[in-house]
Amino acid sequence: MTDRKPHGTTPRSDNVDVVVVGAGFAGLYMLHRLRQLGFSTRVLEAADDVGGTWYWNRYPGARCDVPTTDYTYSFDPELEKAWTWSEKYATQPEILRYVRFVTERYDLRRDIDFGTRVAAAAWDSATERWQLRTTAGEHIRCRYYVMATGCLSQPKTMDIAEAERFRGEVYFTSRWPHEEVNFTGKRVAVIGTGSSGIQSIPLIARQAKQLVVFQRTPAFSVPAGNGPVRPERRAPLEADRDAYRKAAKWSRIGVPSTPTQILALYSPPEVHRERFEAAWQSGELVELANIFADQVVFPEANEIIAEQIRDKIRAVVKDPQTAELLCPRDYAFGTKRACLDTDYYTTFNQPHVRLIDVRKHPIRTITETGIDLGEEALAFDAIVFATGFDAMTGAIVAVDIAGREGVSLKQKWADGPLTYLGLMTTGFPNFFTITGPGSPSVMSNMMVSIEQHVDWIADCLAHLRTEGTTTIEPTATAEAGWMTHMNDCARITLFPAANSWYTGANVPGKPRVLLPYIGGVDVYRKACDDVVANDYLGFTLKGPQGTRCRDGVIRRVQPDVAMVLDLLATLNLPPLETLPVEQARALATQLSVGRPSGPAVGEIRDGTLPGAAGPLAYRLYRPASPGPHPVVVYFHGGGWVLGSHDSDDPLCRDLCKRADALIVSVNYRHAPEARFPAAADDGLAAVRWIAEHAAELGGRPGALAVAGWSAGGNVAAVTCQLARDAGGPRIAGQLLLTPVTDCDTSRPSYAENADGYLLTASLMTWFWDHYAAPAARTDPKASPLRARDLSKLPPAFVVTCEFDPLRDEGIAYAQALAAAGVPASHVTARGHTHTSLTMVDVVVSGAELRAEMASALRRFFK
Ligand SMILES: Cc1cc2nc3c(=O)[nH]c(=O)nc-3n(C[C@H](O)[C@H](O)[C@H](O)COP(=O)(O)OP(=O)(O)OC[C@H]3O[C@@H](n4cnc5c(N)ncnc54)[C@H](O)[C@@H]3O)c2cc1C
């Protein structure tokens, strides 16, 4: 072991600016930054040396699973020049050598107390300091308290009965002895087949006389293909280090890679095979996470990858029963940490290796001599527990932390951790967590996430000092907003469904919530930067000069909506309203090319029907179920100017399938060629004809509703009024999605959403200008909200979106209908924009609302 300054030889101050707990990668870099800034700092570390993860996890086969080109500090280009990794995935001894090399290079040891475990920490409001107590009884005060205690540093408590009875050798992968362990000639049990088990099993098998592996949940494991660094990584790094590191910082998981747009659900089998095989051969988790854009969104898409991995397992493992046992089935690929291995599956072809499924054969107890399964007792010389960690929160709540008014962190987090950005938590001023729950952490290359957090915290402390402020704490609003955003990110994926340590499901009694942020390293970094750029949005800063707080929520748009907006922003499209109409139409059509088509339906058929002034095209969507079906006359969006009977194809298919109704989408006449009231007149004409011909179309006569989106919502609402006034046809209900209901553009939603989110205030003005002369716009046939009488209209279901100029007029219409005695319900889609709910299979967060819309249609027909 490298020489260390023994604990206690240097007098330490018991009152410092900052205490950092942990001397792994995070604590060491934090110390380096704080020193550069001139903050007095002490680092407290329970272990006897630096390294954290790489100090404790010395089991055979321990390696990183992010390529070492990327799993390395990047803060100092000179450091990078001074160190060369020997292979694609370095071993634990090499990584530990690197940690020590960095420690010596920056002379970090002199501020670290080894063998020092923090037991408790309490905030003292009077002195605005944290009071820390170590297990040895030492008290240390500090202004800022930073926990760099690691996401995977707190081993899971043993939950196997009477494990301590065993008289043979006992090892924990997470607390492996420093001395060499030799299993030659021994009967060995390995309990657990997560990453540590998978890395160690092949090497233990090489020595052991007999090896029994106890598996509860099989992992998806991929051959690491270890060896020299891949040229795909080495070449760009050597060509331009800075560009490579920047690409990592702004990537999805902290390793440079271009996110694919290819959807498994919309690609043919040969693409499925090609993309999977390329990722498999790369032996990189980042490639395996990027096979398809929808792989952690739709179970069917995920299954395309999962089944190919199972095929690989079956091809390697000779005994079919063992192969099946090793095939994961009850969670989606990627939603539990995928593993990289060297010869894991072939190990099970060796005659002295046996696999036991503890779900079928639970471990009843551990005895003095081995493991008792009830029906069988197995004798062992050594047992290796590879049982994992109380991840992300374990090491934090293991310390008794009390914040303002003595509130305990453990209690505050009893139902799951609550944080702002995974960096801080309300009620605990000046308390920071590096890679804490609510940040990308274990979903990323940790080195990138650690450096980002350390830099953010260091910059924050420097800012506080410059400002003359002494405390910082997130507001309740900001924290709640971040947790909502966290849940929004989780909800649209398959992650929450998996029983994994990501969700706390591996620890009995631990609240089940998705702990890391899964929105992406790039998206997360931008959020953190935006918080700072917006004057530390969501934080209260206090100092002798007073209190400053710009309260608010940093991310309010649904994550998948934000992704679409970001993608569109990269296209640099001209605003539609700056184009001649024909060009605007061409651009709108072009944008819909290649979009997911939406679900399959029974039949799609085109036809024409008589409109108010000539034939109109329509498209009919028929459900696959036996008819006759109720009929929904649908009016497309596009500001009366753009779109056609097939432009809302995915939404029509979706509604058809979900509502089990026939959808007839009508191509009403468009402006400026046919201005007001052409669209409205066509709406009524179409509804009349469809009502009369319902049976011919395969519909149920008498069961007819209307639906429309945006300007189509306007046509639908107006049609209901016209049909009422004309004495028919009878309309069972109106589904209005973000409808135009009024020409007044002075409502707050116009001002709030004037410039963003595709439908801007100026685009809406352009639409109105094409559709109706100013004097005509107040006519209820253009502005249905202005109708004198709204009574006796069909029941309505109105959907408005939070970030839409039309939001308030939609709400006003729903309220006015209700006030007139019409059964009208209304939902506002939180975090959605004018267009986002129509983006079937792209904006997945819209699916719930589309399901509600379909339920409303079904209710109309009851
Ligand atoms: C086997 C294994 C392989 C991994 N491979 C990868 C990989 O390839 N890529 C990747 O990105 N990540 C990997 N990780 C995650 C890994 O934990 C991080 O990459 C990184 O090492 C974490 O550094 P850290 O400084 O944040 O935490 P740690 O390295 O965990 O250090 C935390 C330190 O805090 C100390 N500590 C905790 N509580 C206290 C207390 N109360 N008082 C005093 N000291 C305390 C601990 O003793 C520990 O030394 C791996 C993890 C494991 C277990």
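Guide: Y29 and Y73 are both buried in this predicted model. In general, two aromatic rings are described by how far apart their centres are and by the angle between their planes. For Y29 and Y73 the centres are 6.1 Å apart and the planes make an angle of 50 degrees, and the pair counts as tilted. The two residues come from distant parts of the chain, 44 residues apart. Y29 belongs to helix α1, residues 25–37, whereas Y73 is in the loop between α2 (53–56) and α3 (77–82).

A second pair is made by F214 and F380. Here the centres are 6.1 Å apart and the angle between the planes is 75 degrees, an edge-to-face arrangement. F214 is part of strand β9 (residues 210–215) and F380 is in the loop between β15 (377–379) and β16 (382–385), so this pair ties together parts that lie 166 residues apart in sequence. Are these two residues buried or exposed? Buried means under 20% relative accessible area. F214 has a relative accessible area of 1%, so F214 is buried. F380 is at 4% relative accessibility and therefore counts as buried.

How many aromatic pairs are there by this rule? The count comes to 45. Ring pairs also join residues into a cluster, with Y29 and Y73 among its members.

The charged end of R58 sits over the ring of Y55, at 5.0 Å from the ring centre. R465 lies over the face of F39, and in that case the distance to the ring centre is 4.2 Å.

One further ring residue, Y244, takes part in a contact between helices. The helices are α6 (residues 231–239) and α7 (residues 241–249), whose axes come within 5 Å and cross at roughly 120 degrees. An angle of that kind is why α6 and α7 are oblique to each other. On the α7 side, Y244 is joined in the contact by R241 and R245. On the α6 side the contact is made by R233, P236, L237 and A239. Sorted by class, the contact has four nonpolar residues, three charged residues and no polar ones.

Notes: Residues numbered from 1 in each chain as written. Predicted model: local features only at pLDDT ≥ 70, side-chain atom pairs only at ≥ 80, totals over all residues. Heavy atoms only, no water. Axes fitted to C-alpha atoms, helices over the stretch in contact; angles between N-to-C directions. Helix = DSSP H or I, 4+ residues; strand = E, 2+ residues; numbered from the N terminus. Parallel < 35°, antiparallel > 145°, perpendicular 65-115°, else oblique. Contact = heavy atoms within 4.5 Å. Nonpolar A, V, L, I, M, F, W, Y, C, P; charged D, E, K, R; others polar. Phe/Tyr/Trp six-rings, centres within 6.5 Å; stacked < 30°, edge-to-face > 60°. Buried < 20%, exposed > 50% of the residue type's maximum accessible area, 1.4 Å probe, protein only. Lys NZ or Arg CZ within 6 Å of the ring centre and 35° of its normal.
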